[in-house]
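Here's a quick briefing to read alongside the model. Have the viewer open and follow along topic by topic.

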Amino acid sequence: MQLVVNIVVLASIYALIACGYVLIYRVSRVLNLAHGELMMLGAYLLLSTAATFSGNAFAAIAAAIVLSLTVGVLVYVLLMRKMAGEMVLAAVLTTVALGILLRGLMVLIFTAQQQYPGQALGLSNPALALPGGGRISTFAAAIVVATALAYGGLFLFLQFGRWGVRMRAAGQNPLLAAQRGISLHAIYALAWGISTLTGSIAGMLIALDSGLTSSMAIIGLKAFPAALVGGLDSLLGALLGAVIVGAAEVLSIQYIDPLLSDVVPFLVLIAALILRPWGLFGTREELDRV
Amino acid sequence: MFRGPPRASGYFRTGYAQDLALMQTRLERTALAAFAIALAAFPFLVTAFYLDLACQVFLAAIGALSLMLLTGYAGQISLGHAGLLAAGAFTAGILFRECNAPFWLTLPAAAAIGAALGVIFGLPSLRLRGLYLAVSTLALYFVVVYLGGEYESTRGFSTGIMVDAPKIGGFALSDPRAWYFVLLGAAAATLLICANLLRSRTGRAWRAIRAHETVAEALGIGIAGYKLLAFVISSAMAAVAGALFAYYRGFVSVEAFSLFLSIQYVAMIIIGGMGSLLGALLGAVFVTLFPYLIEALLRKLPNAQSYAGVLFAVNYSAFGVVMILFLVFEPLGLIGIWRRLQSYFLLWPFKHRPIAGQRQ
């Protein structure tokens, strides 16, 4: 039972992070390799808002969420906008460089020590007993809930929202979309904003659950296989991919070797690339477009 | 071999032999001779610190040249270069530790392991392109580093493997000056191999694949074979660089081969300029010396001591900034700046090359 709980929690973490990869890739065909760092930035934003709004946990979290949305939009407006229309590889390497820059800056500003935003906010993290004998910490449960909300919200937004439909249109055929009067820059900026937002929420909840160090960005990178296994342009795929990668990781830690935890997601990734490179729910034509 | 516009004004090639020649003009020959003399005199003029910097540059140059062959010429993107360096270093380290093998066995062994890994890294390229290929090399990098870490922890070398200096007869290679010349020779040999590959059939095939795969195949180039060949040659060179690194440092540990190292090598060929061997060398020099430059600049600031703790983070951020600046404002890299300077003087007092057809 505990094993199932662990798998669900890890899968929700990966799913919440992976939807950021999917959103940006689906809209602009750019792979955002700075996603892990942006996620970590969200967690550090929470740390600084916790210091500002001391005592008021709700206000601190709300402020951090608004800030992270702003950061995402700014990343597009200030940096990625210049790479629109460049070679895809150049854009991807720009995100890599952005990740390095962010990581350096975060160590400079917040030091590399382990920090606990949960303590700063005055929130405790009691374990909840589940029916069936499993236990789950409060914030881990919050991650599962947040993932469900994020996917539900994204689905409704993309399916029925005005901007969501525009976003899908821009992803399908940017030229036609632009000619129909959709502002591509606004759409891309929005996609970066939402993607950073979901990533940051994941980062904040992980930091609240288990503390925050500068090595958190690797979790973001490990979530990438989840996005690819499911298909880089499919949200449903990302959810399923996250379950597969999460289950593989938890089971191999349990039954084979704890050291494997860092490498299992990438083994799954290699297997997926060999068997079905376009992912479980991805479109096949994607491959040649890259 | 395509070399862009002739180097000097008034020099036009009239035959294929001229086009293939390694050095084409007297200026090139003179400049190269002067450069060789300067390199030979360098270790006798500077302190040990600069000697170490030069050795690091040579090692980086071998790695950057091999990645340039793969990415800059054959057009196959790899984010796993540090994995290949690690494989070479670990091959040398493990063979030395377990079998006490001499260096003339471990270096070829490292090359063989590198070549074998090259096949593995290259196999996805037969099916995947661009981004997906980059991701597959990234995943393989994690696997290689995991295997290295696993070896370290199961054999009890949790901090790393010590490697003694290589011995030739009774003479141990430990003098920094001797190392300088060994690594200089290795880098020069790599450069020569790369240049020769590129001006032969293989290089032309790689360039054709990079330009357009379908057309290349229609021209009768075996795509699969040449792609794999690019991976094999590049990986073997990188593994040898890794083995040399292991001997030079006397120490192998997975910590030395972080993902950041992979990114640094990619940065070298981007900052240097894609599709140019000179670019790979310039990039290797730039990226290797950059952190030391930042450190020197920080020392110039008032109360320099207080920055010592954050030096690493400053380096990291500055490196990110430089990489972004190059990608956004100078995608052709240092070599692009160099070519623009050249043509500025070549065309002076005009700004642009005359439009083809106007020139009689």
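**A bent helix, and what surrounds it**

Let's start in chain B, where α12(B) bends by about 40 degrees at Phe290(B), with a proline, Pro291(B), following within four residues. Keep in mind that this is a predicted model.

**More on α12(B)**

- The helix runs over residues 277–300 of chain B and has 24 residues.

**Chain B overall**

- Chain B has 14 helices and 4 strands.
- Its C-alpha atoms fill a box of roughly 75 × 55 × 45 Å along the principal axes.
- A compact globule of 360 residues would have a radius of gyration near 21 Å, and chain B comes in at 22 Å, which agrees.
- Buried residues account for 42% of the 360 residues in chain B.
- Take the contacts in chain B between residues at least 6 apart in sequence: 75% of them join residues at least 24 apart.

**Chain A overall**

- Chain A is built from 14 helices and 2 strands.
- The radius of gyration of chain A is 19 Å, close to the 19 Å that the globule rule gives for 290 residues, so chain A is as compact as a globular protein of that length.
- Along the principal axes, the C-alpha trace of chain A spans about 55 × 45 × 35 Å.
- Of the 290 residues of chain A, 51% count as buried.
- For contacts in chain A between residues at least 6 apart in sequence, 74% join residues at least 24 apart.

**Where the chains meet**

- The contact between the chains involves 31 residues of chain A and 33 residues of chain B.
- On the chain A side, the elements giving two or more residues are α3 (57–83), α4 (88–110) and α13 (264–275).
- Which element gives the most to the side of chain A that touches chain B? That's α4(A), with 16 residues.
- By type, the chain A side divides into 26 nonpolar, 2 polar and 3 charged residues.
- As for the geometry of α4(A), its 23 residues should span 33 Å at 1.5 Å a residue, and the end C-alpha atoms are 32 Å apart, which agrees.
- Just after α4(A), Thr111(A) takes a positive phi of about 60 degrees.

**The nonpolar core**

- The largest nonpolar core has 208 residues, and the ones with the most contacts inside it are Tyr14(A), Ala18(A) and Ala64(B).
- Helix α1 (residues 2–28) of chain A supplies the largest share of this core, 17 residues.
- Leaving out residues up to four places away in sequence, Tyr14(A) touches Ala223(A), Ala226(A), Ala242(A), Val245(A) and Gly246(A).

**His35(A) up close**

- His35(A) sits in helix α2 (residues 35–52) of chain A.
- Buried or exposed, where does His35(A) fall? It has 27 C-beta neighbours inside 10 Å, so it counts as buried.
- Beyond its neighbours within four places in sequence, His35(A) is in contact with Ile17(A), Gly20(A), Tyr21(A), Gly199(A) and Gly220(A).
- The C-alpha atoms of His35(A) and Trp192(A) are separated by 10.0 Å, though the two are 157 residues apart along the chain.

**Positive phi in two loops**

- Arg29(A) isn't a glycine, yet it has a positive phi of about 60 degrees. You'll find Arg29(A) in the loop between α1 and α2 of chain A.
- With 18 other C-beta atoms within 10 Å, Arg29(A) is partly exposed.
- Asn100(B), another non-glycine residue, has a positive phi near 55 degrees. Its place is in the loop between α4 (81–99) and α5 (103–122) of chain B.
- Asn100(B) has 9 other C-beta atoms within 10 Å, so it is exposed.

Note on methods: Residues are numbered from 1 along each chain as its sequence is written. Chains are lettered from A and ligands numbered from 1 in the order in which they are written. This is a predicted model: local features need pLDDT of at least 70, side-chain atom pairs count only at pLDDT 80 or more; totals for chains, interfaces and linings use all residues. A nonpolar core is a set of buried Ala, Val, Leu, Ile, Met, Phe, Trp, Tyr and Cys residues joined through C-beta atoms within 7 Å. A residue is buried if 20 or more other C-beta atoms lie within 10 Å of its own, exposed if 12 or fewer, and partly exposed in between; C-beta atoms are placed from the backbone. Two residues are in contact if their C-beta atoms, placed from the backbone, lie within 7 Å. Ala, Val, Leu, Ile, Met, Phe, Trp, Tyr, Cys and Pro count as nonpolar, Asp, Glu, Lys and Arg as charged, and the others, Gly among them, as polar. The expected span of a helix is 1.5 Å times one less than its number of residues. The bend at a residue is the angle between axes fitted to the seven residues ending there and the seven starting there. The radius of gyration is taken over C-alpha atoms; the globule rule is 2.2 Å times the number of residues to the power 0.38.
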